Amino acid sequence: MWEHIFGHVTNQRWEMLHHYIRKTGHFVGYGTMGLLWLRAWWMSLPRAGFLLDAILALLGTAMVASADEFHQSFLPNRTGVPSDVLLDCCGAVVLTLLVYIWVRLRWPKGLAKTA
């Protein structure tokens, strides 16, 4: 399908494209997981505040990413590298910040907890 849209790609070029596609998938996938953790903590601890919820969401994402990389280190065709955990956590941080900015702009009092 790629070649139909963009034309012929050499094997060397495809390896580079495949690398970037996989890393983008990690960034977006774990960023989404971070948002799911954020929502879970936000709903479970309604009076805790956004910062604590975001920290717990990032910790949850880091734990899952670390467990995934640890698991990959035992597979012969995969590698478990700490830089992937960092990339995964960066995805969670970026998407959490984007949600925070969006909520603050859309509903300025949306993050305030009711007493």
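This is a predicted model: local features need pLDDT of at least 70, side-chain atom pairs count only at pLDDT 80 or more; totals for chains, interfaces and linings use all residues.

Guide: Happy to. The top contributor is α1, with 3 residues. Trp2 sits in helix α1, and with a relative accessible area of 31% Trp2 counts as partly exposed.

Now for the rings. In general, you describe a pair of aromatic rings by how far apart the centres are and by the angle between the planes. With ring centres having to lie within 6.5 Å to pair, the count here comes to 4 aromatic pairs. Take Phe50 and Tyr100: their ring centres are 5.0 Å apart and their planes meet at 40°, so this pair is tilted. The cut-offs behind that word are simple, because planes under 30 degrees apart would count as stacked and over 60 as edge-to-face. Phe50 belongs to helix α3 (residues 50-72) and Tyr100 to helix α4 (residues 82-106), so the pair ties together parts that are 50 residues apart in sequence. As for how covered the two partners are, Phe50 is buried at 13% relative accessible area, while Tyr100, at 31%, is partly exposed.

For another kind of pair, look at Trp102 and Trp107: the centres of their rings are 5.3 Å apart and the planes stand at 80°, so this one is edge-to-face. Trp107 is partly exposed too, with a relative accessible area of 42%. Back at Phe50 and Tyr100, there is a further partner to find, as ring pairs link Trp42, Phe50 and Tyr100 into a cluster.

Since Tyr100 lies in α4, let's finish with that helix. Its 25 residues reach 36 Å from the first C-alpha to the last, close to the 36 Å expected at 1.5 Å a residue. Which residues of α4 are buried? They are Asp84, Val85, Asp88, Cys89, Gly91, Ala92, Thr96 and Val103. And what do the buried residues of α4 pack against? Their neighbours are α2 and α3.

Technical notes:
Residues are numbered from 1 along each chain as its sequence is written. Side-chain values use heavy atoms; hydrogens and water are left out. Rings of Phe, Tyr and Trp (its six-membered ring) pair if their centres lie within 6.5 Å; planes under 30 degrees apart count as stacked, over 60 as edge-to-face and the rest as tilted. Helices (H or I, at least four residues) and strands (E, at least two) are DSSP runs, numbered from the N terminus. Buried means under 20% relative accessible area, exposed over 50%, partly exposed in between (1.4 Å probe, protein chains only). The expected span of a helix is 1.5 Å times one less than its number of residues. Contact means heavy atoms within 4.5 Å.
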